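Take a look at the sequence and the model first, then try each task before reading its solution.

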Amino acid sequence: MDPITNPYVPGAGTQPPELAGREDILERTRITLARVKLGRAAKSFMLVGLRGVGKTVLLNRIEQMAKEDGYEAVLIEAHESKSLPALLVPPLRKLLLALDRGKRVDVAVKRGLGVLRAFAGSVKLTIGDVDIGLDIEPMVGSADSGDLEADLPELFVAVAQAAKSRGTAAAIIIDELQYLNEAEMSALIMAVHKVSQQNLPLVLVGAGLPQLVGLAGKSKSYAERLFDYPPVGALKVSDAKTAIAAPAEREGVTYTAEALNEIVNVTQGYPYFLQQWGYHSWLHAQGSPIDEDAVRKAGGEAVESLDESFFRVRFDRLTPREKDYLFAMAKLGAGPHRSGDIAAELGVAVESVAPVRSSLIKKGMVYSPAHGDTAFTVPLFDEYLRRVRGKSNS
Ligand SMILES: Nc1ncnc2c1ncn2[C@@H]1O[C@H](COP(=O)(O)OP(=O)(O)OP(=O)(O)O)[C@@H](O)[C@H]1O
Ligand SMILES: [Mg+2]
């Protein structure tokens, strides 16, 4: 069928034509935003889920909801090779400048900018990099001790007070939180703690892979009480069907029941895979209704596209030893697997591959669902690895 009207959008962070099955998270967001704005207690939260389940898409939606609610909102993506302060300063500067836009000079907003400048100075972000605004003097002695656990709370409080004095609220939204190191996570948790103790209107919404929960707990034991960790996972059958059927319907196209079942089966309801199968089934179908035959014929290309994009970008970042570790896991099946079994498959002692396992966790490839267990963070990655192995052996 016509590629021009193809509604499906496989891709990292691309807004789906139908955001299926996330009503609970959106409702929680609505309530949290409203409560924080009123200065009422509300838990910040971090969305936790595997690759390709729709975390980024949700954060984008949450940013939009916050803005519609009158919030000043910033969305940041944490990165393996960039420090949290370096990530935070430019968007927080933008946020404070947006608050500064009114006619009336606001003491709290000016103070916020001064604190940010002091903070940026102490973490040695060059002013050129950050361009904090020349007419702002650093607020010497505020958020500039060089100890992130002390400084970040002061900075968040200053930002929150600035928002409050403007009669609004601030939302700090951070994706890929598993890439923070322990000290950064700890500082972030303390910062949110400080803000919520004072009932200031600032909310943190995060997202990341499952290792994020362990990281937060390790950094600060009270993180558990401070945050909720709503899981974002595969869609349940009815939602997965909606994700496929609703966008087509808007183009006047339907699916047979068998075709829908087939898509849900092969994708296991994972959002990225749903988009990919929807996309190729559409291209293969001769017309409406899209039938099982079209879906089956589309399968090969859907898998190929996934291998070339979704799976390969992750695989290509690995060292040979890391790849071997994952191949051993894949040989054992979908997982999770005991560390001992993986080592045995590799024919080595558990301790000797412990560093490889740790670096795979840091890179976000695997996580530990329970002590001594290892699982893929990428759904169906074991099947991909077996395909790759099969190709390289043939
Ligand atoms: N609720 C949903 N219904 C249908 N499709 C969805 C839904 N959520 C996300 N998608 C689609 O799934 C794909 C992946 O979404 P997204 O990039 O947000 O996932 P992610 O969890 O951030 O993945 P990663 O961990 O790799 O960053 C996109 O193509 C998006 O359009
Ligand atoms: Mg993402």
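## Around the ligand

In this predicted model, an oxygen atom of ligand 1 is 3.2 Å from a polar backbone atom of Val 53.

**Exercise 1.** Find what lies 2.7 Å from an oxygen atom of ligand 1, and what lies 2.9 Å from one.

*Solution.* Start with the side chains: an N or O atom in the side chain of Lys 55 is 2.7 Å from a ligand 1 oxygen. Next, turn to the backbone, where an N or O atom of Val 57 is 2.9 Å from an oxygen of ligand 1. A polar contact needs N or O atoms within 3.5 Å, so these pairs qualify.

**Exercise 2.** How much of the accessible area of ligand 1 does the protein cover?

*Solution.* On its own, ligand 1 has 640 Å² of accessible area. The protein covers 97% of this.

**Exercise 3.** Describe the shell around ligand 1 by its residues and elements.

*Solution.* First, sort by class: 13 residues are nonpolar, seven polar and six charged. Then look for the nearest of the 26 residues, among them Gly 13 and Thr 14. Finally, pick out the elements giving two or more residues: α2 (55-68) and α12 (271-284).

Note on methods: Residues numbered from 1 in each chain as written. Chains lettered and ligands numbered in written order. Predicted model: local features only at pLDDT ≥ 70, side-chain atom pairs only at ≥ 80, totals over all residues. Heavy atoms only, no water. Near = heavy atom within 4 Å. Polar contact = N/O pair within 3.5 Å; in protein donor to acceptor, adjacent residues only side chain to side chain. Areas by Shrake-Rupley, 256 points an atom, 1.4 Å probe, with all protein chains shown as cover. Helix = DSSP H or I, 4+ residues; strand = E, 2+ residues; numbered from the N terminus. Nonpolar A, V, L, I, M, F, W, Y, C, P; charged D, E, K, R; others polar.
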